Amino acid sequence: MSRKLKAVLVTGANKGIGLAIVGATLEADDSTVVFLGSRDPVRGESARAGLLAEHPEWAGRLYALTLDVADDASVENAATEIASRYPDDPHPLYGVVNNAGISAEAGDMRTVLNVNVYGVHRVCEAFIPLLEQGSGRVVNVASASGPSFLSRCRPDIQTALTRADVTWAGIEKIMHRCLALEAQGGDFEAEGFAGESSYGLSKACVNAYTINLARSYPDLRINSCTPGYIETDMTRPLATASGSSADELGMKPAAEGAKAPLHLLLGDVGTGWYYGSDAVRSPLDRYRSPGEPAYEGK
Ligand SMILES: NC(=O)c1ccc[n+]([C@@H]2O[C@H](COP(=O)([O-])OP(=O)(O)OC[C@H]3O[C@@H](n4cnc5c(N)ncnc54)[C@H](OP(=O)(O)O)[C@@H]3O)[C@@H](O)[C@H]2O)c1
């Protein structure tokens with residue numbers, strides 16, 4: 001009898017942590033097939049070619065998929081493409097890894113939220129219907145910036161983004177408040193936010209959305225994590241600006257950043273939880289260092 005293949009989509013996978021997650025997934029489980037998402041088809045094909053140059057044995061298990069998480073049509077086209085590859089299976093996907101993301105330096109708050117939060121929402125809306133019922137997984141690559149941001153927010157904002165009954169409408173309300181504050185040049189701190197931190201806000205919202213999704217899809221395992229502090233094109237400018245090396249700043253190689261996402265994709269996990277870079281459950285409203293005891297709260 002042939003084995004059922006585990007088809008996995010990784011967004012923003014043409015470089016950095018996403019590319020490392022693709023390689024780690026193919027390496028960890030030879031029943032996986034990976035769709036390497038890239039908003040630019042040339043960068044996607046080139047990333048695929050790079051992996052195949054080192055691992056020609058992955059040729060039949062690795063495909064590039066054009067997917068811009070900021071663009072509704074691109075996300076829908078990508079979902080249609082995956083569905084059309086498996087005409088006999090309405091639920092061909094085992095996992096979706098929402099890795100694509102941008103830093104605060106990449107644009108204004110609207111741009112950052114559009115990729116980091118609405119991008120995850122678009123991908124989940126389009127791809128969750130394709131996930132295997134009962135065993136499918138969603139992995140949201142958030143950041144320790146989410147809990148760190150929330151730890152400095154007013155208690156009502158902390159509650160709004162960590163409550164078990166959080167809704168997408170409730171998350172959007174907070175994002176809209178922040179966008180209005182940015183447009184008006186308002187005082188974020190006076191309104192209870194930890195300053196004008198679009199990136200921290202975006203990742204706190206992704207964690208809240210993870211809770212909401214897990215409640216909406218109890219048959220799936222849906223979690224988020226931080227990959228850790230990883231040297232990539234996103235973080236390298238920090239090293240350059242500080243005059244220190246990435247290593248001196250404590251940044252780790254991309255392969256380390258794939259560890260927690262891989263655990264959430266293939267390992268023994270709960271659902272609706274947030275994990276640290278050591279793949280240990282962590283709180284949503286304060287930073288937990290790797291090695292500290294696991295968070296046991298609700
Ligand atoms: N590095 C860290 O220390 C760190 C820490 C915490 C969390 N994270 C998170 O880890 C994830 C990966 O970051 P990274 O460090 O690997 O950064 P990176 O090297 O800059 O890679 C980001 C990836 O996201 C893609 N991307 C950006 N906008 C996109 C869009 N609209 N649609 C599809 N793909 C898009 C990029 O594609 P292009 O090549 O086309 O730009 C790239 O493939 C992000 O969610 C980031 O927030 C990173």
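Angles under 35 degrees between two directions count as roughly parallel, over 145 as roughly antiparallel, 65 to 115 as roughly perpendicular and the rest as oblique. This is a predicted model, where local features need pLDDT of at least 70 and side-chain atom pairs count only at pLDDT 80 or more, while totals for chains, interfaces and linings use all residues. Residue numbers start from 1 along each chain, following its sequence as written.

**View 1. Helices α3 and α5 meet.** Helices (H or I, at least four residues) and strands (E, at least two) are DSSP runs, numbered from the N terminus. The axes of α3 (residues 72-85) and α5 (residues 118-127) come within 9 Å and cross at roughly 30°; axes here are lines fitted to C-alpha atoms, for helices over the stretch in contact, with angles from 0 to 180 degrees between N-to-C directions. So α3 and α5 are roughly parallel to each other. On the α3 side, D72, V75, E76 and A79 make the contact, and on the α5 side it's R122, V123, A126 and F127 (contact means C-beta atoms, placed from the backbone, within 7 Å). Sorted by class, that's five nonpolar, no polar and three charged residues (Ala, Val, Leu, Ile, Met, Phe, Trp, Tyr, Cys and Pro count as nonpolar, Asp, Glu, Lys and Arg as charged, and the others, Gly among them, as polar).

**View 2. The open sheet of eight strands.** Follow the order β3-β2-β1-β4-β5-β6-β7-β8, and you'll find mixed pairing (two strands pair if DSSP finds at least two bridges between them). β3 (62-66) and β8 (281-282) stand at the edges with a single partner strand each, so one side of each has no neighbour in the sheet. Strands β4 (residues 93-98) and β5 (residues 137-141) run parallel, joined by four bridges, and V96 stands opposite V138 in β5. Helix α5 packs on the sheet too, touching β1 (6-10), β4 and β5, with its direction at about 170° to that of β4.

**View 3. Helices α8 and α9 meet.** Here the axes of α8 (residues 168-184) and α9 (residues 198-216) come within 9 Å, crossing at roughly 170°. That's why α8 and α9 are roughly antiparallel to each other. From α8 come W168, I171, I174, M175 and C178, and from α9 come L201, C205, A208, Y209 and N212. This contact of α8 with α9 has nine nonpolar residues, one polar and no charged ones.

**View 4. Around the ligand.** The ligand is surrounded by 30 residues, and the closest are G12, G16, A100, G101 and T232 (a residue is near a molecule if its C-beta atom, placed from the backbone, lies within 6 Å of it). Helix α1 (residues 16-28) gives the most to this shell, with three residues.

Conventions
Contact = placed C-beta atoms within 7 Å.
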